[in-house]
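Please look over the sequence and the model before turning to the notes.

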Amino acid sequence: MKTIKTVWFFWWGWSPDNMENMLERMEASGWKLFQVDYYGIRFKFTRGQEEKVRYSVDYQPVVDENYLTLFDEDGWEMKWTGAGGWYLWKKPYISVRPEIFTESSSLIERNNRLLKLLTPLFAMLIIIFVLLLILQNPRLQWLTYLYVVLIALYVYMIAQLQKFNRKLKNEIRE
Amino acid sequence: METELLIKKYLPMTESAYYILLSLNEPRHGYGIMQHVEEITKGRIKIGPGTIYGTLSKLESEKLIMQDREIDRKKIFKLTDDGKRVINLELLRLKELYDNGMIEMGGAI
């Protein structure tokens with residue numbers, strides 16, 4: 001019988017729910033997460049006890065030690081951290097599925113922390129792109145195309161984060 | 001800060017922010033607040049660690065709370081004078097809501 005399972009799972013920073021659900025389903029059927037790599041998209045599981053657990057993702061580029069202590073005291077185990085400030089938390093439970101964020105505003109803030117990272121990077125992309133256009137060097141043509149793709153990706157990510165924030169704000173008003 | 005400005009900026013509060021501030025009338029650390037809020041609301045409100053961490057950082061940068069001391073890698077927070085005023089202003093607002101409710105509904109409870 002196979003004892004190690006590898007799952008590749010791509011997820012976006014504004015909606016890690018699908019990834020969290022996948023991990024919870026794996027744990028419920030006895031596959032225990034023991035390793036995460038490639039910036040959080042490859043997950044390795046080993047055979048173990050079936051368990052009802054909650055997985056939750058946070059993005060915190062800068063934290064003080066209070067952050068870790070607080071989660072630890074509330075019974076959360078850090079299963080992975082990396083890629084510039086992502087944290088994957090796990091907590092076993094019996095009846096009520098626990099949450100690390102109990103207010104929509106906390107999710108808006110998580111998205112804002114991502115926007116704060118993406119916006120200056122996006123500005124930098126644009127500047128380099130403009131420089132490439134001015135230089136018109138035929139040997140750099142491929143780089144220009146690459147930048148078109150990157151800019152499109154950033155526009156998509158920023159737009160999605162803002163869309164999710166609007167949705168969350170509407171939920172607060174209701 | 002002026003009272004009007006405090007009202008405009010911080011009121012009405014979310015239930016979590018209200019209970020977090022209220023809990024800090026006595027110096028407490030993050031997990032202590034979570035436990036206290038769960039206790040006084042008889043389990044109705046459970047604040048997650050992510051929300052507590054974010055709210056405390058925000059309240060601290062807004063100077064409604066401040067660090068009292070640090071024990072075992074845990075920051076103990078307490079209310080600042082502005083924090084105390086904000087919670088009292090919110091209490092007045094809630095009292096008005098409650099009083100008017102009682103009057104309009106004939107005091108039946």
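The notes below cover chain A, the nonpolar core and one helix of chain B.

The model is predicted. Chain A contains four helices and six strands, and the largest nonpolar core comprises 39 residues.

**Chain A**
- The order of elements along the sequence of chain A is β-α-β-β-β-α-β-β-α-α.
- The C-alpha trace of chain A extends over about 60 × 50 × 30 Å along its principal axes.
- Chain A has 174 residues, of which 22% count as buried.
- Among the contacts in chain A with a separation of 6 or more, 66% come from residues 24 or more positions apart.

**The largest nonpolar core**
- The residues with the most contacts inside this core are A:Leu88 and A:Trp89 together with B:Ile20, B:Leu21, B:Leu24, B:Ile52 and B:Ile65.
- In soluble globular proteins, nonpolar side chains tend to be buried together.
- Apart from its neighbours within four places in sequence, B:Ile20 is in contact with B:Ile33 and B:Thr55.

**Helix H3 of chain B**
- Helix H3 of chain B runs over residues 30-40, and its buried residues are B:Gly30, B:Ile33, B:Met34 and B:Val37.
- These residues lie on the same side of H3(B), because the arc they cover around the axis is only 100°.
- An α-helix has 3.6 residues a turn, so residues three or four places apart point the same way.
- The cover over the buried residues of H3(B) includes helix H2 (65-73) of chain A. From chain B, it includes helix H2 (15-23), strand E1 (28-29) and helix H4 (49-61).
- B:Lys42, which follows H3(B), has a positive phi, near 50°.

Terms used. Residues are numbered from 1 along each chain as its sequence is written. Chains are lettered from A and ligands numbered from 1 in the order in which they are written. This is a predicted model: local features need pLDDT of at least 70, side-chain atom pairs count only at pLDDT 80 or more; totals for chains, interfaces and linings use all residues. A nonpolar core is a set of buried Ala, Val, Leu, Ile, Met, Phe, Trp, Tyr and Cys residues joined through C-beta atoms within 7 Å. A residue is buried if 20 or more other C-beta atoms lie within 10 Å of its own, exposed if 12 or fewer, and partly exposed in between; C-beta atoms are placed from the backbone. Two residues are in contact if their C-beta atoms, placed from the backbone, lie within 7 Å. Helices (H or I, at least four residues) and strands (E, at least two) are DSSP runs, numbered from the N terminus. The arc is that of the directions from the helix axis to the C-beta atoms.
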